[in-house]
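Please read them with the model open.

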Amino acid sequence: MKLRKQITRLFVILVIFANMTLFLMSQHSTTCSISGVVKDTDNNPLSKATVILEGAPMLGLVVYVTKENGSFHFANLPPGQGYSLHAEKPEFQTKKFTGIHIAIGQDINIPVVLSRDPQMSFEVIQDQSPALDAKQTETTVRYSQELIQSLPLHRDLFEVLNSIPGSVPENPRIRRAASVSGGSVRQNRFVLDGVVLNDPLDSYPATNVNVDTYGEIEFGVAGHNAETTGADGGYINIVSKSGGNQFKGSLLTEYYDKAMQSTLLSPEDLNLLGLKKPTEFNSWNDLSFSVGGPVAKDVLSLFVNARYTNRVQNFYHADWSSTLDAGKQVFVLDLAPHREYNVFGKITSFLPLDIRASITYNLTAIKEEFNIDRIQKNLDQTATNKREGELAHLLSIQASYALTPDLFLNGRVTYLFRKFSLPYSDLSLAEEPRNYDRYFNMYRNNPEFQQKSVTQKLNPAVKATYFNDNFLGVKNMFKFGLEYEWNLWRWDFWRENPYYFDYYRGDLYSYPTEMQPNRGRIYAYSIGSFEGSSILENETHRIGGFVKESLTIADRLTLNLGARIDYSNSRFPVHYRVQSADPYGLFDVLPGVDLQYGAYNPGSRDVMKWFDISPRLGLVLDVFGDGETILSGTYSQYHESIAFRYFNRVSPIYPQLSSWYWIDEDLDQEPDADDTYTQIDLAENPDEVDISTRLDPDAKSPITDEFTVGLEQEINTNLTVGATFVYKHKKNIFGNVNDYGLGAEEAWKGYSTDSPYWETFEFTDPGEDGVFGTGDDQSSYCYVELIESPGGRNWYYTNIESAFRKYTALELVLNKRMSNKWQLLASLVWSKAWGNIGSWDMTTSASSVYFNTPNSLVYADGRLDFDRPLNVKIQGSVQLPYGFDLGCYYNYRSGIPWNRMVTVCVPEDDRYLDPGACYTVATEKRGTRRTPALSTLDLRLQKNFWLSDALSVDAYLDVLNVLGGTSYFISTHPGGFIDYRDPDNPTFERYGDYVDFGGFDNRLFKVGLRIHF
């Protein structure tokens, strides 16, 4: 009894706390609304009619009395199906609409016609939910819980994201991200019950949320309205499940292992392509438990989920010793275990005065013996990190209040905390220098550094919605909102040994010349030597607001006029470093070194400020006035907010590399004070660092201009077909260039093809056969740095005027909601993505190499990494006799564009700053070639068993890649290595893999069991 009182008291305290957040905020809508007009059979509006809304998605019921014009509004409704709407008026017939389904963000219209009937007859109308929204201009796709559970996908958001129209996955072995409708992989916005999941450093989801908690997902793929910020690609709006008024629960387990996978490429094919045997997971175990129901009926409900996953991924790592012994790259198969715990809870309340409140919490804990995100085959086992002690908390408190029948307030406050650690793996050698063999592109001993970080995000906001059915003769819905976002990232990084040595085919003398055969190259990181010795804090603040006016004229034409205003700034609250370790005693003799490796504490500093206004304009026409044919068009401008990756590298204590040519005078293969060193690159003296010499003080936010035109047709209440044309232009792209310290006005000299510090070197590319003097030889060229160059590198962060990305697409979508025992979502997208800088992880990091030298601009324009001219997706399910269900997901997409690149070593000419230096350059236009198209089919066969009225079991078998689709990813330098150091006798060698690991080469069988009670 005492425990029950304590639990009840806790619920009451949490609900009161939620209601106190009414003055705080909401971003993009996680709710939906129903509106309409009650009329008689002569088309006259009926005032003072009573309209009652109730249903499974909500607690309790809501009553509305129509106004003089007969109108009614129900706003801030949770999405879902099973609503019923009851309309009555004395002396008129009573009508009840049942089976109403409303999706996230929808504002559906239900016209009600009551006939005079002294007998007070009662009519029930089944499933009259409009399939189209005649007021919304966004291009969206909505997934119900029913659709998500029926598809044969891996159980995470990445798989669901890649199933939507217009999305293209990034290499899934590197990072689980996607480009949506031509946007970058970092400009998708992920939101769960108002909690922005994006990490403020990399803009990827900071944590995982179990798919079993998803009630419904709205994917905005284009035409985002003024409520949306931080997205030029997809807006992924997840509404989690609520407990409801009925007690329900489920237990799910899913499993597959190595024996349930088969490789579809033959050994001959693997050798031909330069691939190792592709692998996915050695084993996968997944266990998830959910329960929800009323704590107090019509007042308070609770939903809880807990999940544990244990999976082991196979990967190949380079083996340094075996590679040197064999004279070619040798890889060893290894295992990367991943253990993850998820806990989710949601309290929902419906209080007096039409106050609705909820509290959402999610916990994620992860441990990996090898950091899977950063596993690459060019790492020796010793050069790996592990992912240890990761912990993330998400909290959202929100409430809505109907101040009047036409004025609604929403408030929300959200908080994210994430602790993330990447120490060296147990196999790393912390006291040794890092080693790199530039011939085999292979690392050993240890990664760049050990690190720990803490991320915090606080995001309160408020939104008001006002309905006016007669504003200057038109219907009006006005919204405005304010929000504040605070982000903090505290980064702790260190190396026990700051040195890093180059090798060449195992030889420490990696840069020999005829006169100096014992010449190598050494590097040193400017970094503290123990945990807590280098701390860098990044902080951003953003204040944003939006206004949105929707004017509906004659119930046919809706104008959506809106704009966002965002102000963001950034600073370094804390950044300091203690003295670096010096195991070889070199810092006193290395040329140019002053305070680069000493203790330094610059104090707090302000960094960047951006102020942006983003117009969002839309038009929707109900062509025939029946809500069945909708024509729409939008213009949207998206500005990026300041992310940590845009400025954290300009801190004077950010770890930098200095490098020197090293002549080992005593030939002991050990650097010491008596050897000779010649400076190549030098980290800046922190005392001399002016942030304005690293960061353009006039830099502006990157901008995307987007236009869409769409036409949707309702075939029936459950089936729609639509076509949308999308055009995007990304400009003001922010990145780094080498300006030699010359500043913004002369930064072009570091990377432009017109630079006076670089000249053209023409050479012969021996072509695919690698043999000079054959028919596939071609003339090519690269740029070589001259002795007149200032030399060195100063990475200057600015808007790169010549950088751009463009995207056009025609998207055709057929959508069939579940009815008559089947559902379907099919899409066909014709598209073109082109420009001179891609939208994948590296190119959007702001620290890519794409504008660092003129060689990056050789054949730079063309088809980009996510260009897929044809992308077809078909997914759905059908209920078969005898309790069987069949689900499928089919995807066809064009191959990945690529072009031949080579690495050229130029002659040892005294006119060059670095005689004999090597440069990587394209020999043909970007996207000239394309990998084979990919076609995959995944199937799920499920059988339902009813054990009692309250207990059932679903058993299913997934077969993934039924058609045996295979794909691969081209590596960075597939062309080879051309040595012109002796210009009269050039040589060619092919090194590295011609292509990278395949991504869809296995056929996989997976079994699952779901118990419902």
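1. A disulfide is taken here as a pair of cysteine sulfur atoms within 2.5 Å. The model is predicted. By this rule there is 1 disulfide.

2. The bond joins cysteine 905 to cysteine 918, with an S to S distance of 2.1 Å. The torsion about this S-S bond is about 70 degrees, so the disulfide is right-handed.

3. Which parts does the pair tie together? Cysteine 905 belongs to strand β50 (residues 901-905), and cysteine 918 to strand β51 (residues 918-922), so the link ties parts that are 13 residues apart in sequence.

4. Cysteine 905 is buried, at a relative accessible area of 0%. Cysteine 918 is partly exposed, at 29% relative accessibility.

5. Cysteine 782 takes part in no disulfide. Its nearest cysteine sulfur belongs to cysteine 905, 9.8 Å away. Cysteine 782 is buried, with a relative accessible area of 0%. Cysteine 888 is partly exposed, with a relative accessible area of 24%.

6. Now to the strands. Strand β5 (residues 80-88) pairs with strand β2 (residues 50-55) in the antiparallel sense, over 6 bridges. Isoleucine 52 stands opposite histidine 86 of β5.

7. β5 also pairs with strand β6 (residues 94-102), in the antiparallel sense and over 6 bridges. Here tyrosine 83 stands opposite isoleucine 100 of β6.

8. The hairpin of β5 and β6 has 5 residues between its strands. Within this hairpin, glutamate 91 takes a positive phi near 70 degrees.

Definitions and conventions:
Residues are numbered from 1 along each chain as its sequence is written. This is a predicted model: local features need pLDDT of at least 70, side-chain atom pairs count only at pLDDT 80 or more; totals for chains, interfaces and linings use all residues. Side-chain values use heavy atoms; hydrogens and water are left out. Helices (H or I, at least four residues) and strands (E, at least two) are DSSP runs, numbered from the N terminus. Buried means under 20% relative accessible area, exposed over 50%, partly exposed in between (1.4 Å probe, protein chains only). Two strands pair if DSSP finds at least two bridges between them.
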